[in-house]
Amino acid sequence: MSAIEEKKKALRQYAADDGHFSLVRNFRLADLITIMNGVCGTLSILSSARYLILSSNVRQIPDEAISTLYFAHLLPILGFGFDALDGKVARWMGGGSMLGQEMDSLADLISFGVAPATLGFVLGLRTPLDALCLLWFVSCGLARLARFNATVALIPSDASGKSKYFEGLPIPSSLFLTSMMAFWVKNNWFVGALHNTSDIPFNKILLWGEKGGYGEVHVAAGIFAIWGAMMVSKTLRVPKL
């Protein structure tokens, strides 16, 4: 049976049921766990926005705002727990679904792509070039997930059918960046911690123009950009544990 025929066969479970809530009825336990990953990422973004609201127009950042910021950093880590669990549950219950595979990538993009980029902006990566680096990071994560879905069958696998390595950094590796930013928060190393008089680690460099203009970029934003490049690398191979 060809790959196209196998895909058509897997899709019949959705075509055969025209009920109003047929999509929900076709969910498996692993799919619901995957959705929780996306919920964690979305809640992290909303918590970041809430921090900005709580910390604006105040002389001293309230404890509630800092707690909200910590919570925003914790949520992608919780999302990774759900991301790791859904695969195990899918294998335990006899295999995953095509719907689950697609949802897994979408949830990963939220929790490990958009959420870390939002946190970076909240903590001080706010120059135009910073924003460009963050956009590059998210776009690379999107492209990396799409490439994985399209080419995973071409990667050598072991006896159980599991791929032997990742091409490029897997997007959950961005938890390193999230942890790094959480460390900044712990040490008050971010914009807004001292009434906008502090800056994030490594500070800014001026590439062109005047200080405060469009040519300024934080070195930390470059870390996001490099991380994105490593995610879409074709030659970087990361063994699966």
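These legends accompany close-up views of helices and helix pairs in a predicted model.

**View 1. Helix α3 and the residue after it.** Helix α3 covers residues 29–55, a run of 27 residues. N57 follows α3 and has a positive phi, near 60°.

**View 2. Helix α3 against helix α5.** The axes of α3 and α5 come within 8 Å and cross at roughly 15°. Angles under 35 degrees count as roughly parallel, and α3 and α5 are therefore roughly parallel to each other. The crossing in which α3 passes α5 is left-handed. Sorted by class, the contact of α3 with α5 has 13 nonpolar, 10 polar and three charged residues.

**View 3. Helix α5 against helix α6.** Helix α5 (residues 98–123) packs on helix α6 (residues 128–151) at an angle of about 165°, and the two axes are 9 Å apart. Angles over 145 degrees count as roughly antiparallel, so this description applies to α5 and α6. Their crossing is right-handed. From α5, the contact takes in E102, S105, D108, L109, F112, G113, V114, P116, A117 and F121. These meet L134, F137, V138, G141, L142, L145 and N149 in α6. By class, the contact of α5 with α6 comprises 11 nonpolar, four polar and two charged residues.

**View 4. Helix α5 against helix α7.** The axes of α5 and helix α7 (residues 175–186) come within 10 Å, crossing at roughly 25°. That angle makes α5 roughly parallel to α7. α5 passes α7 in a left-handed crossing. On the α5 side the contact residues are F112, P116, L119, G120 and L123; on the α7 side they are L175, T178, M181, W184 and V185. The contact of α5 with α7 has eight nonpolar and two polar residues, with no charged residues. F112 and P116 of α5 are listed in the contact with α6 and also in the contact with α7.

**View 5. Spans annotated as transmembrane region.** An unreviewed UniProt entry lists residues 32–53, 65–85, 106–123, 129–146, 166–185 and 217–236 under "transmembrane region". Two of these spans are described here. Over residues 65–85, the chain is 100% helix and 0% strand, with the end C-alpha atoms 31 Å apart. Residues 129–146 are likewise 100% helix and 0% strand, and the end C-alpha atoms of this span lie 26 Å apart.

Note on methods
Residues are numbered from 1 along each chain as its sequence is written. This is a predicted model: local features need pLDDT of at least 70, side-chain atom pairs count only at pLDDT 80 or more; totals for chains, interfaces and linings use all residues. Side-chain values use heavy atoms; hydrogens and water are left out. Axes are lines fitted to C-alpha atoms, for helices over the stretch in contact, and angles run from 0 to 180 degrees between N-to-C directions. Helices (H or I, at least four residues) and strands (E, at least two) are DSSP runs, numbered from the N terminus. Angles under 35 degrees count as roughly parallel, over 145 as roughly antiparallel, 65 to 115 as roughly perpendicular and the rest as oblique. A crossing is left-handed if the near helix is turned anticlockwise from the far one by less than a right angle, and right-handed if clockwise. Contact means heavy atoms within 4.5 Å. Ala, Val, Leu, Ile, Met, Phe, Trp, Tyr, Cys and Pro count as nonpolar, Asp, Glu, Lys and Arg as charged, and the others, Gly among them, as polar. UniProt positions are given in the numbering used here, feature names are shortened, and annotations may be inferred rather than shown by experiment. The expected span of a helix is 1.5 Å times one less than its number of residues.
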